[in-house]
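Here are some exercises to work through with the model open beside you. Try each task before you read its solution.

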Amino acid sequence: MSAATTRSRTPDRLCVEAVDLARAAAEEAAYPGVVGEHTAAIAEGDRVVTHFFECKDPGYRGWRWAVTVTRASRAKNVTLDETVLLPGDDALLAPEWVPWSERLRPGDMGPGDLLPTDAEDLRLEAGWSGEDAPPPNSVVSTEMAELVEAEDADVTDRAVVPVRGSITSVAEELGMRRARVLSRYGLHSAADRWDESFGAKTPMAQAAPASCVSCGFLVAIGGSLGQAFGICANEFGPADGRLVSLSYGCGGHSEAAVMPKPPRPAPPVLDSMASDEFHLRPAPDSGSVPTADELATDLGHS
């Protein structure tokens, strides 16, 4: 071990005794009342000592003020080096910073928000635009890159309308005139994400009486995704308007249970060809009018 290393571990006496100077520097950086008790003095090198003070600020629990003092060789005056606020072992720290591209979650975008895509996004690959160079409003074009690098960048819509009847116009009608399209990785990642939400392994599909492949509310889609997915059109189903796997299912299957027709009473029969007679007084032999003998018996006459 060298002599310089041995001397650096021995605190300088004058620097260790400069507690009042270190406290005054800490209170000047903060304000009186926040700097607490003196906790330690550590030698940082030859005639360089750092004094530590407690921090009583409620927002910086576990932090401490570190004031470094020093003096020149053969000098008796101690001078201030720096004053900082450092976290301790049990300090309350802010979470680690995460880039916005990693903090973004589905559903975070709102009206008017713009989500730029990386030029090297693995979910996309080069498409066909009718020319060797991409359109000027594409994110992979050189002109757009120069606009982004400028301080007053302003993205404007400068898409060129193809001439009617040209190959470019036909490609645009077929959906082929795009600078970038979904790559195989992007297609598979999207399919895995949709299958996780509305696939065969979900609790709803496990309890369903049948799968969506035989449901009348399924709207078929084209392309390669149409072999495994469709759109649910049942307004009472849990996946209405969503892209669902053909192996998904729910209780709203069109053929799960056919509702029977409600019973209806027979229509009343009315005889409009004949008339019914209704007497003003009941007939004597109808049984509804008592005879004279019955009246006499009830009144006690013989």
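**Exercise 1: the enclosed space**

The largest cavity holds about 120 Å³ of space. The model is predicted, with local features needing pLDDT of at least 70 and side-chain atom pairs counting only at pLDDT 80 or more, while totals for chains, interfaces and linings use all residues. Residues are numbered from 1 along each chain as its sequence is written, and side-chain values use heavy atoms, with hydrogens and water left out.

Task: find which residues lie nearest the centre of the largest cavity, and sort its lining by class.

Solution. Start with the terms. On a 1 Å grid over the protein atoms alone, a cavity is a set of points where a 1.4 Å probe fits but cannot get out; a pocket is an open set with protein on both sides within 12 Å along at least five of seven lines; and lining residues have an atom within 4 Å of a point. Grid points are joined across faces, edges and corners, and a volume is the space filled by probe spheres set on the points.

- Step 1: a search of the whole structure gives one cavity of 30 Å³ or more.
- Step 2: the lining of the largest cavity has 16 residues, and Cys212, Cys215, Cys232, Cys250 and Gly252 are nearest its centre.
- Step 3: for the classes, Ala, Val, Leu, Ile, Met, Phe, Trp, Tyr, Cys and Pro count as nonpolar, Asp, Glu, Lys and Arg as charged, and the others, Gly among them, as polar. The lining of the largest cavity then splits into 11 nonpolar, five polar and no charged residues.

**Exercise 2: the open space**

Task: describe the lining of the largest pocket and say which helix gives the most to it.

Solution. Helices (H or I, at least four residues) and strands (E, at least two) are DSSP runs, numbered from the N terminus.

- Step 1: the largest pocket contains about 680 Å³ of space.
- Step 2: 20 residues line the largest pocket, with Leu104, Leu115, Asp121, Arg123 and Arg193 nearest its centre.
- Step 3: at least two lining residues come from each of α4 (100–103) and α7 (184–197). The most come from α7, which gives five.
- Step 4: by class, nine lining residues of the largest pocket are nonpolar, five are polar and six are charged.

**Exercise 3: a strand with two partners**

Task: trace the pairing on either side of β8 and find the residues that bridge to Gly230.

Solution. Two strands pair if DSSP finds at least two bridges between them.

- Step 1: β7 (residues 218–220) pairs with β8 (residues 229–232) in the antiparallel sense, over three bridges. Here Ala220 has Gly230 as its bridge partner.
- Step 2: β8 and β9 (residues 243–245) also run antiparallel, joined by three bridges. In β9, Val244 stands opposite Gly230.

**Exercise 4: rings that meet**

Solution. Rings of Phe, Tyr and Trp (its six-membered ring) pair if their centres lie within 6.5 Å; planes under 30 degrees apart count as stacked, over 60 as edge-to-face and the rest as tilted. Buried means under 20% relative accessible area, exposed over 50%, and partly exposed in between (1.4 Å probe, protein chains only).

- Step 1: the whole structure has three aromatic pairs.
- Step 2: Trp194 is partly exposed at 28% relative accessible area, whereas Phe229 is buried at 5%.
- Step 3: Phe198 lies in the loop between α7 and α8 (203–206), and Tyr248, 50 residues apart from it, in the loop between β9 and α9 (292–299).
- Step 4: Phe198 is buried at 13% relative accessibility, and Tyr248 is buried at 4%.
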